[in-house]
There are 2 protein chains.
Amino acid sequence: MPIRVILADDHLLVRQGLRLVLEKEHIEVLGEASDGLEAIRMIQELLPEIAVLDLDMPGLDGLSVLREAARVSPQTRTIILTRHMEEPYAVEALRIGARAYVLKTQASTDLVAAIRHVDRGEVYLSPKISNAVVRAFLTNPDAPNGKLSLRERQVLQLVGEGHSTKKIAALLGISTKTADTHRTKVMEKLDIHQTAGLVRYAIRNGLIEP
Amino acid sequence: MPIRVILADDHLLVRQGLRLVLEKEHIEVLGEASDGLEAIRMIQELLPEIAVLDLDMPGLDGLSVLREAARVSPQTRTIILTRHMEEPYAVEALRIGARAYVLKTQASTDLVAAIRHVDRGEVYLSPKISNAVVRAFLTNPDAPNGKLSLRERQVLQLVGEGHSTKKIAALLGISTKTADTHRTKVMEKLDIHQTAGLVRYAIRNGLIEP
DNA sequence: GCCGGTATCGGGTATCTTCCCGATAAGGTA
DNA sequence: TACCTTATCGGGAAGATACCCGATACCGGC
């Protein structure tokens, strides 16, 4: 039986290319998602062995999807696919439970290798990231980088994308008041007190694109 | 004789996926470049009919490659492949001489269509970008970037810096209502309708720092 | 001399933001 | 067990935003 995966990346062109790569290797692509929420729905419905998640997606980023995916389909293993070489991302991803971290700058064989390793229950890291991650784990076993909680980062990202609090609440499936609380918490923690400042912070920290 | 192209994108994984897509369509991929300088060397050596260039590349971005490519191989036609949907990028690219502008969020058939159109000497734009670009050309045939008046740019900059309308009015020595009118005008002209979007626009256009 | 763009100002309103106050529950840590 | 963080939800209020309507005035181009 072939390995069954879903692909989540906001670029259709990239998804279709990856699908060809994987199908050539007899890896079955059950579905494609263009944003985080769609990815979660798809994982919940299709229960794939493996989910390949882009780190930069509108609405919900890969790390947030990761956490939610573990809830709706614990047997699904996740692979983070990204252009970020900074190890904080990788460390955070692994901490949350990702089984592999693959750089988009690597060859497609790297993704295939990651899928095969993860399918066998192993953890896989792109060669270029390995050293940095191991070092990061050794030097700093706990304490990530951010003062913000995961939920707060999600809300911040959506604020940066221009969504209203009500819209954010709808996207995350929580009440407007809760979304507002998260937003307020973010402002308090960062000591930033207008939308414009939040947007600039989100851009500086790579949560969104300018 | 098949169409001969080179691919320039800093993500190997993406390049390899695209290569499969194109080869399936009997488009020959002469070479792949992972940065702007490599792309130029490759264009100079291989003289492809078409060069597919990512806009975000380390070292030299797609637009700069565009200019240089026209010098070293005038017969090579260029296609910009990007994740940016903002029309300023597209307008600038076309101004410099790109023959097509394809979004990564579109289907791979879109890139294939672009290559075929460009090979026939035509210009191709991703459907989602077309309207915006046409509008930009019609409403403003010249004028580099200045759709906004001086006063409007001042207000936009102050908005981006996080000031309230009242504060902006005070800083500029005008009434709150006037400042509000300018702000509204900016939103209308740019077709952006939340503060977050204005901030990102201001950053993209160098009005403020992230 | 008319038209378009810029700049100035105002009333009004629906929505959103920012910040108070409060609460419950789950989870890990000391 | 006691404590803290996180996440959830609510009422209320003051201010800001987004957009609707209107107006006057200057300036430059055709």
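This is a predicted model: local features need pLDDT of at least 70, side-chain atom pairs count only at pLDDT 80 or more; totals for chains, interfaces and linings use all residues.

Visitor: Which element gives the largest share of the side of chain A that touches chain B?
Guide: The contact draws on 30 residues from chain A and 30 residues from chain B. On the chain A side, at least two residues each come from α1 (12-24), α5 (108-119), α7 (150-160) and α10 (195-204). The largest share is 8 residues, and the helix that supplies it is α1(A).

Visitor: How many residues of each class does that side of chain A have?
Guide: Let's sort the side of chain A that touches chain B by class. The tally is 13 nonpolar, 11 polar and 6 charged residues.

Visitor: Which elements give two or more residues to the surface near DNA strand D?
Guide: Around DNA strand D there are 20 residues, and the closest are A:S149, A:R151, A:I174, A:S175 and B:T165. By class, this surface has 3 nonpolar, 11 polar and 6 charged residues. Both chains take part: the elements giving two or more residues are α7 and α9 (176-190) of chain A with α8 (165-172) and α9 (176-190) of chain B.

Visitor: What unit do β1(B), helix α1 of chain B and β2(B) make?
Guide: Look at the two strands to begin with. β1 (residues 4-8) and β2 (residues 28-33) of chain B pair in the parallel sense over 5 bridges. One such link has B:A8 with B:A33 as its bridge partner in β2(B). Together with helix α1 (residues 12-24) of chain B, these strands make a right-handed β-α-β unit.

Visitor: Why is B:D56 classed as partly exposed?
Guide: B:D56 sits in the loop between β3 (50-54) and α3 (62-72) of chain B. B:D9 is 47 residues away along the chain, yet the two C-alpha atoms are separated by 7.8 Å. A residue counts as buried at 20 or more other C-beta atoms within 10 Å and as exposed at 12 or fewer. B:D56 falls in between because its count is 14.

Conventions:
Residues are numbered from 1 along each chain as its sequence is written. Chains are lettered from A and ligands numbered from 1 in the order in which they are written. Two residues are in contact if their C-beta atoms, placed from the backbone, lie within 7 Å. Helices (H or I, at least four residues) and strands (E, at least two) are DSSP runs, numbered from the N terminus. Ala, Val, Leu, Ile, Met, Phe, Trp, Tyr, Cys and Pro count as nonpolar, Asp, Glu, Lys and Arg as charged, and the others, Gly among them, as polar. A residue is near a molecule or strand if its C-beta atom, placed from the backbone, lies within 6 Å of it. Two strands pair if DSSP finds at least two bridges between them. A crossover is right-handed if, with the strands pointing away from the viewer, the path from the first strand over the helix to the second runs clockwise.
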